[in-house]
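Have the viewer open as you read.

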Amino acid sequence: MKTFIKNGTVINPDTAFIQTTNVLIEDEKIMRIGDAQHEEAERVIDATGLLVVPGLVDIHVHFREPGFPQKETIQTGSLAAAAGGFSAVVCMPNTKPAIDTVETLTYVLQTGKRHGAVKVFSSAAMTYGIEGQILTDMESLRKAGAVTFTDDGRTVMDPGILYDCFCKAAELDVPISSHCEDHRFVTSGSFNRGKFSSLLGDPGIPALGEELIIARDILFAEETGARLHIQHVSTARGVQLIREAKARGVRVTAEAAPHHFSITDEQALLSGTMAKVNPPLRTEQDVEAVVQGLSEGTLDAIATDHAPHTIAEKSHPLERAPFGLVGLETAVGLTFTKLVHPGKLQLMDAISKLTINPANIMGLPAGRLEEGHAADIAIIDPNKEWIVEPDTFHSKSRNTPFSGMKLKGKAVLTMVNGNIVYDENSPSG
Ligand SMILES: [Zn+2]
């Protein structure tokens, strides 16, 4: 089957290509970019006024399978991804059981192949059960397809275990993705420790708890030569630590989540448990530092940390409600509304941080819009204004602090291997 996407602003960050032109797709591949013939195309998509970009890549999602299908499944999570413009995702291992054996990893990858609307990649745990005690069989997990090792949701606190893990990662040349939280220092709290946590009578989560581990893991990467990827950076000093590490040549990359560059800890007063996320929403100054980190390149990628929970769980009292929010279907809207339209991040940089950069960090065959490559494509309407209505989400969960927010910019069509997996304008989409 031939598909012709005509007259869109075609962007390929890998080659800094941006041009109003056409894309011809044949079956699962991109055949031609430019003045292609389209007379024989069975399907023509008019992309006038729209951006035609590589399918977006989210290297930090929680699809909750196996273990928590009431929150999300690989199938529903991948539908949410498609609706957000994503064509590839990396699942986190804090499922039940955790993704700490080849068997569970294979289950996730095969379920992704069978039922996923998008390309489902997976991490594997650094330690069994994400308990920080015994290293997993990293070599076998890597061979079975793990693209990174992480205990996301928790931090490995024992330096001896961590050292062995970093050495193994260096040997296998696979990145460690680090959730940074010193559990000896951060023991309670739901929101950022500061003015608003005090107002709410919450003990608060100190920024220092995150920064201690960022600093520690940078030293481990420097010592062992392993590649380190810092997840969901949320504090100004965290950004500064990564900036300094990069300047002296440490192999470190980092991601920011849309909620950390869009809203502050004041959101706790408005959204309650819906704004409870880990790391927490921080201060205005931290948000500015994260935006600065993205624009100068200290922060390489935008990743959602899509973390679905049921309404019943989020209705618990503050201390008992789980951390996390769903992010796949609002990421493009927030990136354009908060960064691109106000001129804080160049369009090309924004697309890079949603495509080629995260793909390169994890070594994924994704994030490129080039002739001969898989036709994984997102079409974005940068000027589409819309209001976040959680009831319309494709995700199984509705936990978002962005409900009712007006955004400008939206993915309107997503293609994976030449198949349309989401189409805003088709009733089935
Ligand atoms: Zn995390």
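How many of the ten residues of α1 are buried?

## The helix α1

Keep in mind that this is a predicted model. Eight of the ten residues of α1 are buried, so the rest of the structure largely encloses this helix. If you want to click through them, the buried ones are Ile 74, Thr 76, Gly 77, Ser 78, Ala 80, Ala 81, Ala 82 and Ala 83.

And what does the covering?

## Either side of α1

Thr 73 sits in the loop that runs between β6 (56-61) and α1 (74-83). Is Thr 73 buried or exposed? Its relative accessibility is 14%, and because buried means under 20%, Thr 73 counts as buried. Setting aside neighbours within four places in sequence, Thr 73 touches Phe 63, Glu 65 and Lys 396.

Just after α1 comes Gly 85, which takes a positive phi of about 95°.

## The largest pocket

Now for the pocket: the largest one has a volume of about 620 Å³. It is lined by 25 residues, and those closest to its centre are Arg 64, Asn 94, Asp 152, Gly 153 and His 309.

What is the lining made of, in terms of nonpolar, polar and charged residues? Eleven are polar, while seven are nonpolar and seven are charged.

Key: Residues are numbered from 1 along each chain as its sequence is written. This is a predicted model: local features need pLDDT of at least 70, side-chain atom pairs count only at pLDDT 80 or more; totals for chains, interfaces and linings use all residues. Side-chain values use heavy atoms; hydrogens and water are left out. Helices (H or I, at least four residues) and strands (E, at least two) are DSSP runs, numbered from the N terminus. Buried means under 20% relative accessible area, exposed over 50%, partly exposed in between (1.4 Å probe, protein chains only). Contact means heavy atoms within 4.5 Å. On a 1 Å grid over the protein atoms alone, a cavity is a set of points where a 1.4 Å probe fits but cannot get out, and a pocket is an open set with protein on both sides within 12 Å along at least five of seven lines; lining residues have an atom within 4 Å of a point. Grid points are joined across faces, edges and corners, and a volume is the space filled by probe spheres set on the points. Ala, Val, Leu, Ile, Met, Phe, Trp, Tyr, Cys and Pro count as nonpolar, Asp, Glu, Lys and Arg as charged, and the others, Gly among them, as polar.
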